[in-house]
Amino acid sequence: MFSGVGDVEAAAPVEPALTLEQVRAVLADKSRQGHTAEIRSLLQKYGAAKLSQINPAHYKALLADAEVLTDGK
């Protein structure tokens, strides 16, 4: 009778939420690589002057945008 309930939960793994500290670490690394201006532009894109003002719902998209920044080598 209850056997189907567990199957539904197992089929949809939940991705852990990103934390402010995780996002900050990635952006700090990009900044050290010389992308400080680009990081500031990304923050502005998400409506903030600093990372702590970013809505946590946007962390994944922000990181995706930051990952395309390269060190130019």
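**Exercise 1. Find where confidence is lowest and where it is highest in the protein chain.**

Step 1. This is a predicted model, in which local features need pLDDT of at least 70, side-chain atom pairs count only at pLDDT 80 or more, and totals for chains, interfaces and linings use all residues. Residues are numbered from 1 along each chain as its sequence is written, and side-chain values use heavy atoms, with hydrogens and water left out.

Step 2. Look at pLDDT, the predictor's confidence in each residue, from 0 to 100. Helices here are DSSP runs (H or I, at least four residues), numbered from the N terminus.

Step 3. Helix α1 (residues 3-11) has the lowest confidence, at a mean of 56, while α2 has the highest, at 96. The chain as a whole has a mean pLDDT of 86, with 79% of its residues at 70 or more.

Step 4. Where pLDDT is low, the predicted coordinates should not be read in detail.

**Exercise 2. Describe how helices α2 and α3 cross.**

Step 1. Helix α2 spans residues 20-45 and helix α3 spans residues 59-67. Their axes come within 9 Å and cross at roughly 65°. Axes are lines fitted to C-alpha atoms, for helices over the stretch in contact, with angles from 0 to 180 degrees between N-to-C directions.

Step 2. The crossing is left-handed, meaning that the near helix is turned anticlockwise from the far one by less than a right angle.

Step 3. For contacts (heavy atoms within 4.5 Å), residues including Leu20, Val23 and Lys30 in α2 meet residues of α3, among them Tyr59, Leu62 and Asp65. The residues of this contact divide into 10 nonpolar, no polar and 4 charged.

**Exercise 3. Decide whether Val26 is buried, partly exposed or exposed.**

Step 1. Start with its place, which is in helix α2.

Step 2. Recall the cut-offs: buried is under 20% relative accessible area, exposed over 50%, and partly exposed in between (1.4 Å probe, protein chains only).

Step 3. Val26 has 24% relative accessibility, so Val26 counts as partly exposed.

Step 4. Now find its partners. Leaving aside residues up to four places away in sequence, Val26 touches Leu63 and Glu67. Val26 and Ala66 are 40 residues apart in sequence, yet 8.2 Å apart in space, C-alpha to C-alpha.

Conventions: Helix = DSSP H or I, 4+ residues; strand = E, 2+ residues; numbered from the N terminus. Nonpolar A, V, L, I, M, F, W, Y, C, P; charged D, E, K, R; others polar.
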